[in-house]
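These are my notebook entries on what I looked up in the structure shown here.

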Amino acid sequence: MESRGRFLAFRLMPGTDLIEGLQAVRAEAGARAMAIVTCVGSLTRCRLRHADRDAGTAYDGRFEIVSLVGTVDPQGQHLHLSLADGDGRVRGGHLLPGSAIHTTAEVVAVSLEDVAFAREGCAVSGYRELVVRGVTSR
Amino acid sequence: MESRGRFLAFRLMPGTDLIEGLQAVRAEAGARAMAIVTCVGSLTRCRLRHADRDAGTAYDGRFEIVSLVGTVDPQGQHLHLSLADGDGRVRGGHLLPGSAIHTTAEVVAVSLEDVAFAREGCAVSGYRELVVRGVTSR
Amino acid sequence: MESRGRFLAFRLMPGTDLIEGLQAVRAEAGARAMAIVTCVGSLTRCRLRHADRDAGTAYDGRFEIVSLVGTVDPQGQHLHLSLADGDGRVRGGHLLPGSAIHTTAEVVAVSLEDVAFAREGCAVSGYRELVVRGVTSR
C-alpha cells in the first residue's frame, strides 16, 4: 500500500533496551506504522532468536550494530539485527527483548501516515503476520 | 539527484521469489525508481553471487533476512542481501533470481517521484551501472 | 524529533572513498541531517574499526557491501558497514576513512529538512554523540 511518511530521528541512551526504546518513540509520535530507515550504534547485550530455533541466544560483550531492519507498531514489532564483535565477525537473527545499548543508538525511522500495521494469524505461514491497512490520514 | 518519495509497505507471501515479488509491487505502483528502506523476513532458499565470482551459490534451509539493500527499476534491480542461519552465522552477496520466502517478507520501499533509474554501460567499471535522471513529476 | 525528508539518489564512482563521496553529496545538497536509506555496491578496500578496538583493520580484496547504516552531517558521520567476501563471509564494524569503491555504490539517502544533526560530548557514554535539533525549515 502507498503512504506518505514523516521521519523520526533520535538517539537512544546507554542501557536502553532497543525494543523498548523504539516502542517508546513510536508511542510518543502516535505512529500506527513505523519502519526502521537506519540504525547505527552499539550493544553490550543482545538476545537473538536464530533461524528455526525456539529459544533465544544471549550475546554479552561489546558489539557494533551493523544492521537493524523491520517494522514497529502498537501491537508489536518484527525486527532483525546483525552485530559485529571485536574481530569483525557478524551474527544475526530475530531481535528479542533483553538488549542493552552500549554508547548510543542513532535511529532514523519513518512513520507511515496513510496506513496502519497490525499482526494477524496467517493460514499460509501458520504465524501472526504483518497486515497493512489504509487509514484516513490525519 | 533530489526527489520526493512515496512509500510502499507490503508483505510478500511464502514461496515467493524475492526479486519477482519486489518487481511485481514496483510495476503495480508504476515506480520508475524504487529503493529498499527495510525488509524483515525469512527464506527457505536463496541464491547469492559472492564477490568476484561468476557463478551463484545456492543456500537451502531456514534463514533470517538480516539485511536487504538496493534499487529496483523497470530495467532490473541491484540488490545485496545477508542471511543468518540457525547458529546466527551470516552470509551475504548479490541476490540472484531463485529465492523462496519462508514465512514472510515485510518490506517498506520508497518510490522516488522525481527521478527515473536506468542501467547503462559504464566505461569506468566495465559493467552496466545505475543512472539517475530527473523526470517530470506526476 | 519529527521531520520531513527529501531523498538524494546517486551513484559513486570506482576509486571513491565512501565517506568522502557521501560527504560531497551532502555538502552539495546543503543537508544538515542526512541518513542512509540504502546502499548497494562493492569495495576493493575498506577500513573498519571493530567493536571495542582502538585501531582500524584494513580489508583489501573484492567485497560486496551488504549493509551501510548511519548518519552524515556537516560535523562528521557515524557509519557502520558490513561487507561480504568471495565465499560470502561477512565482516562488519565502524567505517573509517580509507575505503575505495570497486565498481559502484548506488546510494539513496534522506536529507531531513526540519532538523540538524550535531555531535556533542555526552557525559553518559563519554563520547561525542549525535544531537538532533529542530530548525526552521527552508
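Predicted model: local features only at pLDDT ≥ 70, side-chain atom pairs only at ≥ 80, totals over all residues.

**Entry 1**

Residues are numbered from 1 along each chain as its sequence is written, while chains are lettered from A and ligands numbered from 1 in the order in which they are written.

For my own record, strands (E, at least two residues) and helices (H or I, at least four) are DSSP runs numbered from the N terminus, and two strands pair if DSSP finds at least two bridges between them. Within the pairing of strands 4 and 5, I found B:Glu64 opposite B:Ala84 of strand 5 of chain B, and the hairpin that joins these two strands passes through 2 residues.

Is strand 5 of chain B mostly covered or mostly open? I found that 8 of the 9 residues in strand 5 (residues 76-84) of chain B are buried, where buried means that 20 or more other C-beta atoms lie within 10 Å of the residue's own, exposed means 12 or fewer, partly exposed is in between, and C-beta atoms are placed from the backbone.

**Entry 2: chain A as a whole**

I counted the elements of chain A next, and they come to 1 helix and 9 strands, in the order β-β-α-β-β-β-β-β-β-β from the N terminus on. The C-alpha trace of chain A spans about 50 × 35 × 20 Å along its principal axes. Of the 138 residues in chain A, 54% count as buried.

I then picked A:Thr38, which lies in strand 3 of chain A. Why does A:Thr38 count as buried? A:Thr38 counts as buried because it has 27 C-beta neighbours inside 10 Å. Apart from residues up to four places away in sequence, A:Thr38 touches A:Val108 as well as C:Ala35, C:Ile36, C:Val69 and C:Gly70, a contact being two residues whose C-beta atoms, placed from the backbone, lie within 7 Å. By contrast, the C-alpha atoms of A:Thr38 and A:Gly98, 60 residues apart along the chain, are separated by 21 Å.

For A:Val37, I left aside neighbours within four places in sequence and found contacts that include A:Val108, B:Val37 and C:Val37. The largest nonpolar core has 129 residues, and those with the most contacts inside it are A:Val37, B:Val37 and C:Val37; such a core is a set of buried Ala, Val, Leu, Ile, Met, Phe, Trp, Tyr and Cys residues joined through C-beta atoms within 7 Å.

**Entry 3: where chain A meets chain C**

How many residues of chain A are in contact with chain C? I found 31 residues of chain A in contact with 37 residues of chain C. Among the elements that each supply at least two residues to that side of chain A are strand 3 (34-49) and strand 4 (56-73). Strand 2 of chain A also pairs with strand 1 (residues 2-3) of chain C, in the antiparallel sense and over 2 bridges, and there A:Leu8 has C:Glu2 as its bridge partner.

**Entry 4: how the copies are related**

Finally, I looked up the superposition of chain B on chain C, which takes a rotation of 120° with 0.0 Å of shift along its axis and gives an RMSD of 0.0 Å, the copies being fitted by least squares on the C-alpha atoms of residues with pLDDT of at least 70 in both. That is the relation of a three-fold axis. In chain B, the C-alpha nearest the axis is that of B:Val37, 3.3 Å from it. Only 11% of the interface residues of chain B are also interface residues in chain C, so the copies meet through different surfaces.
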